[in-house]
Amino acid sequence: MSFIHTFCRLTAALALGAGLAAPAGAATWRVQPGESIQATIDRAAPGDVIEIERARYFGHLLVDKPLTLRGLDRPTIDGELKENTISVKAENVTIEGLIVTNSGGDTLYQHAGVYIYPGSHKAVVRNCDFSYTLFGLWIEKANDVLIENNLITGKRDFDSPKRGNGIQLYNTQRARIIGNNVSFVRDAIYVDVSHDAIFRGNKLHHSRYGTHYMTSYRNVWEDNETWYNRGGLALMEVRDQVVRNNRAWGNSDHGIMLRTIQDAVIENNIVAGNQRGFFIYDAEYNELRGNRIIDNVVGIHLWAGSKNNKVERNDFIANREQIRYVAARDMIWGEQEGNHWSNYLGWDRNGDGIGDVQYEANDLVDRLTWRHPMMKLLLGSPAIQTLRMVAQQFPLLRAPSIVDPNPRMEPNNPDWSQWRGRYFPRSE
């Protein structure tokens, strides 16, 4: 029996029955333990399917024609700690059901578990496990890729700056990154100059950033969970983003960073237990709506020309400092519908659910505390309380603040309490 078993020529109907899009006349090849996967790739015709039986296969694969590599019972492709474990240099390549391990570890050469080269459009990588790879997937100038339901664990014994990213997108269009679990890498997902993508249902943890966005437009980031990173989600120099229904908790710095961002919608996210829930810097003409900002050290740190943003119906609950805002004049949030502030001390005499006096996030005492942190030791003292009261009565002593003219008496989302106490482990 030949070392490569060519199964009968399967028809397109059979392939389609297995959920594949193989062309008519495509063949299915079978690779058994001890045989060469690369030799089978070289013999196969464009559109064929290569099924790989469970075993450990050493070496590097080059897929340079449209093929499907399908693992049966999760075979392992071992790159022996050199170069890319699998390189893709063709359109319409599908890789599924494999364990991809032991790529090279040189960041200069960007060694990856699967390296998708420029022009390799419509690549699909799904249901694979990546272990001890420098970059899990490097995707460069390849459009319409689908990266789905993969488990990616980096070289966790490397220092963070020497690790690669879990999934790296560079100069791509319309990528779909869905349902992946990524950890112990530098950035779980790194996006640079990539547009019209969807990032949905990913779990991103124990890395520097859960997601690191640069110079990318019209992307959707939804229903992802990011925790125990330095930063959950960093959006920088971007516009036209939709960020919704995500959960960013327990990150040692920020939950969500919005830096140099315009025309984005940030809605219905849970941001809890971070050092800073949101860090907003140079952000204009964005809408923040329906977010739950819970039990962070600082709820929102607002900085450097961040104005003309619409901030409505958010819940600010149990943050040790609701807003950190340093500027020369007040900024109005909640002008139309208001936000909920758990430390609001006003009243609601007509029962319409809106406080009768406006909410001000910061006062003179807050400013003094930022300048002189040792003052925190005295925050509960009668002298400090007297200073707060005096500052409220004399406008000349008043500090510019975020002002909400319509503070909501009740939170918009009643299930907030489950998100208390979810801190980064070393912060305790």
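A salt bridge is a side-chain nitrogen of Lys or Arg within 4 Å of a carboxyl oxygen of Asp or Glu. By this rule the count comes to 23 salt bridges. The model is predicted: local features need pLDDT of at least 70, side-chain atom pairs count only at pLDDT 80 or more, and totals for chains, interfaces and linings use all residues. Residues are numbered from 1 along each chain as its sequence is written, and side-chain values use heavy atoms, with hydrogens and water left out.

**Exercise 1. Do the analysis for Lys 203 and Glu 225.**

Step 1. Their closest N and O atoms are 3.8 Å apart, and they form a salt bridge.

Step 2. Lys 203 sits in strand β22 (residues 203-205) and Glu 225 in strand β25 (residues 225-227), 22 residues apart; the pair links distant parts of the chain.

Step 3. Lys 203 is partly exposed at 36% relative accessibility, whereas Glu 225 is buried at 13%.

**Exercise 2. Which residues touch Thr 76, and is Thr 76 buried or exposed?**

Step 1. Thr 76 is in strand β7.

Step 2. Its relative accessible area is 10%, so Thr 76 is buried.

Step 3. Contact means heavy atoms within 4.5 Å. Leaving out residues up to four places away in sequence, Thr 76 touches Ala 55, Arg 56, Tyr 57, Ile 99 and Thr 101.

**Exercise 3. Classify two of the aromatic pairs.**

Step 1. Set the rule: rings of Phe, Tyr and Trp (its six-membered ring) pair if their centres lie within 6.5 Å; planes under 30 degrees apart count as stacked, over 60 as edge-to-face and the rest as tilted. The structure holds 12 aromatic pairs.

Step 2. Tyr 115 and Trp 138 have ring centres 5.8 Å apart and planes at 20°, so this pair is stacked. Tyr 115 belongs to strand β11 (residues 112-116) and Trp 138 to strand β14 (residues 135-140), 23 residues apart. Both Tyr 115 and Trp 138 are buried.

Step 3. Tyr 228 and Trp 249 are edge-to-face, with 5.4 Å centre to centre and 65° between the planes. Tyr 228 is in the loop between β25 and β26 (231-239), and Trp 249 is in strand β28 (residues 247-249). Tyr 228 is partly exposed at 25% relative accessibility, but Trp 249 is buried at 11%.

Step 4. Tyr 115, Tyr 117, Phe 135 and Trp 138 form one aromatic cluster.

**Exercise 4. What is the strand order in the open sheet of 3 strands, and which are its edge strands?**

Step 1. Two strands pair if DSSP finds at least two bridges between them. The order is β39-β42-β41, with mixed pairing.

Step 2. The edge strands, β39 (331-332) and β41 (359-360), each pair on one side only.

Step 3. β41 and strand β42 (residues 402-404) run antiparallel, joined by 2 bridges. Glu 360 has Val 403 in β42 as its bridge partner.

Notes:
Helix = DSSP H or I, 4+ residues; strand = E, 2+ residues; numbered from the N terminus. Buried < 20%, exposed > 50% of the residue type's maximum accessible area, 1.4 Å probe, protein only.
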